[in-house]
Amino acid sequence: MKLIVGGSTGFVATEIIRQALSNPAVTSIIALGRRETPVPPNAGPGADETKLKSVRLSNFENYSEGTKKELAGADACIWTLAVTPSKYKSFPWDDVVKVCRDYTAKAIETMSQLPRGDATKPFRFIYVSGVNSERDQTKKPLILGDYCLMRGAVETLVLDYAQQSKGTVEACIAKPGVINALGHTRPLWQKGFYALIGLPNIQVSEIAASLLHQAINGAEKDTLSNEDMVEMRQRLLAENEQAADAGK
């Protein structure tokens, strides 16, 4: 399959690409970003770096014909591009909405209308949101209220687009909590604070493996919670171990 990774130079996207390079089910990876996307560090001995193609896009509201040509034939997209909760106050609110909402809307609209690798299957669009994003616009969270409502509205936009596509688009929303880097341990005070406000944790390897699995095999459900993704990663590891044992 041909996979698009939107926001390809980001933290989660880099791990998705790293894992996809070693996954035989993925034959082509289009890394879509403002900057050149390098091969991730520690790609591993089984990684096929020739599968990766970096495609630069300066304006995510306007896909050139050349960019569309590079994206054509894709079977799925994992969209990670957004202004994160920790950074959104550094930008004007209108710019935050543009990146989180408008870029996402343009992406799913543009990509879903391009020729697919297998026209008999829906185009899969996986949107990475957050655990506290709220779709019910009458329920404003106490913390980051406007931001969480906006991200929740984008979730609804993506799901509604898929529903209205009459089967040509399959959407999945991922709602991770705090994403930890490989081998990174947070201080006890930080863990306590996150627990106090109800923020779950997930390893970047766990979310990447789960999203890649959904892109390749189809969405198990339209919304994946943090717990869903942790459990899915554990299940995939167990299945791989069983397969390895069977092959001995």
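H6 gives the largest share of the lining of the second largest pocket, five residues. This is a predicted model, by the way. H6 is the helix at 204-217, and H1 and helix H7 (226-246) also each supply at least two residues of that lining. The space in this second largest pocket is about 400 Å³. It is lined by 15 residues, and Gln 19, Asn 23, Leu 212, Arg 233 and Asn 240 are the closest to its centre. By class, the lining has six nonpolar, seven polar and two charged residues.

Now to H1 and H6 as a pair. Their axes come within 9 Å and cross at roughly 60°, which makes H1 oblique to H6. The crossing is right-handed. On the H1 side, the contact is made by Phe 11, Val 12, Glu 15, Ile 16, Gln 19 and Ala 20. H6 brings Val 204, Ser 205, Ile 207, Ala 208, Ala 209, Leu 211 and Leu 212. That contact counts 10 nonpolar, two polar and one charged residues.

What about the largest pocket? It holds about 1500 Å³ of space. H1, at 11-21, gives two or more residues to its lining, as do helix H3 (93-112), helix H4 (145-164), strand E7 (178-180) and helix H5 (188-196). The lining comes to 45 residues, with Val 83, Thr 84, Pro 85, Ser 86 and Tyr 147 nearest the centre. Of the lining residues, 26 are nonpolar, 13 polar and six charged.

Definitions and conventions
Residues numbered from 1 in each chain as written. Predicted model: local features only at pLDDT ≥ 70, side-chain atom pairs only at ≥ 80, totals over all residues. Heavy atoms only, no water. 1 Å grid on protein atoms, 1.4 Å probe; cavity = no way out; pocket = protein on both sides within 12 Å on 5 of 7 lines; lining within 4 Å. Points joined across faces, edges and corners; volume = space filled by probe spheres on them. Helix = DSSP H or I, 4+ residues; strand = E, 2+ residues; numbered from the N terminus. Nonpolar A, V, L, I, M, F, W, Y, C, P; charged D, E, K, R; others polar. Axes fitted to C-alpha atoms, helices over the stretch in contact; angles between N-to-C directions. Parallel < 35°, antiparallel > 145°, perpendicular 65-115°, else oblique. Left-handed = near helix turned anticlockwise from the far one by under 90°. Contact = heavy atoms within 4.5 Å.
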